[in-house]
Amino acid sequence: MQRQLSPTPTKEPGEARPRPATVREVQVPEAITVARLAELVHASPIDLMKQLMRAGVMASINQAIGFNTAAAIIPAYGYRAVPVAEAAKAAKAPEEAGDPAKLQSRPPVVTVLGHVDHGKTTLLDAIRKTKMAQREAGGITQHIGAYQTEYKDHKVTFLDTPGHEAFTAMRARGANATDIAILVVAADDGVMPQTVEAINHVKAAKVPIVVALNKIDKPEADPERVKRQLTEHGLLVEEWGGDVIAVPVSAKAGTGIDDLLENILVVAEVAELKANPYLRARGIVIEARLDKSRGPVATVLIKNGTLNVGDYVVVGNVRGRMKALVSDAGRRLQSAPPSTPVEVLGLNELPQAGDTLEAVPSERAAKALVEARLLRQGNLRTHVSLEDVVNRIRTGETQELNLIIKADVQGSVEAVREAVMRLSTEKVQVHIIHTASGAITESDIFLAEASQALVLGFNTGVEQGARRLAESEGVQIRFYNIIYTMVEEIQGLLEGMVQPVVKDIVEGHAAVRTIISRSRQSKVAGCMVTDGRLLRNAQIRVLRKGKAVYEGPIQSLRRFKEDVREVAAGMECGVVLAKFDDFQEEDILEARRQEQQPAR
């Protein structure tokens, strides 16, 4: 229903609406729907559409119009349009608006990481004196949980994650939730591949590490061997002259738990963790799920300020009003201070893990912030390419080139690592975030995104899930099969000799189902195209158990004895490669083409 600001005389359809005497300001984003603009100026959407028609603009009720168009028509309703500042001024970040004098100590937030079955959840159970692990399927953690416990009148918040991938995926979204990382290593098993990955992920996050040497009650436990293994990965324990605290524990027997908690409090005290509880809340979504009876439910860790029942909040692109706050023990709370994990109810949609929660003054401020984010969403993604990094180095924005190296075998890993490390100069340091043998995985992409790193693949492939993730998140993967070519390219770019960029584009994959001998010198691979397409002029990389065994052109591509230019997904075909016939069943043929682009 239209609100009359002042008595309006009867007018002809084409006549302009008289301008009211009182003019008020209203914040309008770069683009806004007709329905939302009508709400802001307290007018009927139909009346607003008529005003647009008089201005020569045809727009439906849900169509977006630009700021200039909106600014031209709303003076008729007694309003003047003011541009919305970046991410809506009404929701200014609490950290920027706080009084340093009001900062208070807050509980540390601790993440538990380590190799599967080394006792992460069992250790947390021992700390909380509960039996959470028995309720997990197969004893393996199925979701992220946030719990708070108390030791010697000090609260400690624990995050129990499914692994370092979740830890880094959240950090990649800007969610620096962790203050201290506990690295759980079984004393009888030692440092395992997932332990090494967890170490690299935590080191990349620059978070203090406390090592929990678990299962020391077992006869085969050898803590000294584990300490030596940790040294090989850059973690030197205190008794050997380092700065990493290593605590022997037995989660099952409950021994060493007090010592571990004592050391966590010491590390937290050194870090001087503080927050302002008097600000509007700011937090991080740890997990989110859709409850049949309660609707969208999110577990949120409050980082600063205090969240209260009734607060208006924005979480990513989702908004709502807090109907209820529930503690990890199931108790209803009226407020949640810093470092408190709570389940929140009242969001209108399901947010994503890692999204930032911000309390805002009003529902109008929440709507404005969500609209501003949606408008800018397409421009927010950070693309990590070698040329982007070089540009940031030249402008002085960074002095580090972060790299993740994956190769076919460990020997190649070491060779590539040594070659790349020699590229460090006084101005630019090459920093190796993580190295390993095998195919490039989603975990590598998450780590690259979080660390602003490039992924280098040497004689190896990339898992399909990792390739899709890299494309969606803008993480660049560069493949090489000759070390000096890789070194020359990176060195040339760092020195400013920027050549045109040759971009690898993956067209599709085919699985080898059968092998047909055409002659002594030639074999045909009978394939099924699993995704994308195979092109007659494509380069083919043969992947065997994730490792590249050959790369070269297609000599022949056929369907039912006919030469074809391409074969789409779901179709069978016969492939003959130039100078390669050592096919094996289950080999993957990856079709690639190169596209030359000017260096930015």
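Helix 7 covers residues 193–205. Its 13 residues reach 19 Å from the first C-alpha to the last, close to the 18 Å expected at 1.5 Å a residue. That expected span is 1.5 Å times one less than the number of residues. Helices here are DSSP runs of H or I with at least four residues, strands are runs of E with at least two, and both are numbered from the N terminus.

This is a predicted model, in which local features need pLDDT of at least 70, side-chain atom pairs count only at pLDDT 80 or more, and totals for chains, interfaces and linings use all residues. Residues are numbered from 1 along each chain as its sequence is written, and side-chain values use heavy atoms, without hydrogens or water.

Helix 7 is mostly covered, with ten of its 13 residues buried. Buried means under 20% relative accessible area, against over 50% for exposed and partly exposed in between (1.4 Å probe, protein chains only). Among the buried residues are Glu-197, Asn-200 and His-201, along with Val-196 and Ile-199. Just after the helix, Lys-206 takes a positive phi of about 55 degrees.

Next come the helix pairs. Two packed helices are described by the angle between their axes and the distance between the axes. Axes are lines fitted to C-alpha atoms, for helices over the stretch in contact, and angles run from 0 to 180 degrees between N-to-C directions.

Helix 5 (residues 120–128) packs on helix 9 (residues 257–271) at about 90 degrees, with the axes 10 Å apart. The two are therefore roughly perpendicular, a label for angles of 65 to 115 degrees; under 35 is roughly parallel, over 145 roughly antiparallel, and the rest oblique. Leu-123, Ala-126 and Ile-127 of helix 5 meet Ile-257, Leu-260 and Leu-261 of helix 9. Contact means heavy atoms within 4.5 Å. This contact has six nonpolar residues, no polar and no charged. Nonpolar covers Ala, Val, Leu, Ile, Met, Phe, Trp, Tyr, Cys and Pro; charged covers Asp, Glu, Lys and Arg; the others, Gly among them, are polar.

Helix 13 and helix 14 (residues 464–473) have axes that come within 8 Å and cross at roughly 20 degrees. Helix 13 is therefore roughly parallel to helix 14. Glu-442, Ile-445, Phe-446 and Glu-449 in helix 13 meet Gly-465, Ala-466, Leu-469, Ala-470 and Glu-473 in helix 14. By class, that contact has five nonpolar, one polar and three charged residues.

Thr-441 sits in the loop between strand 23 (429–437) and helix 13 (442–451). Thr-441 counts as buried because its relative accessibility is 18%. Leaving aside neighbours within four places in sequence, Thr-441 contacts Lys-406, Glu-463 and Ala-466.
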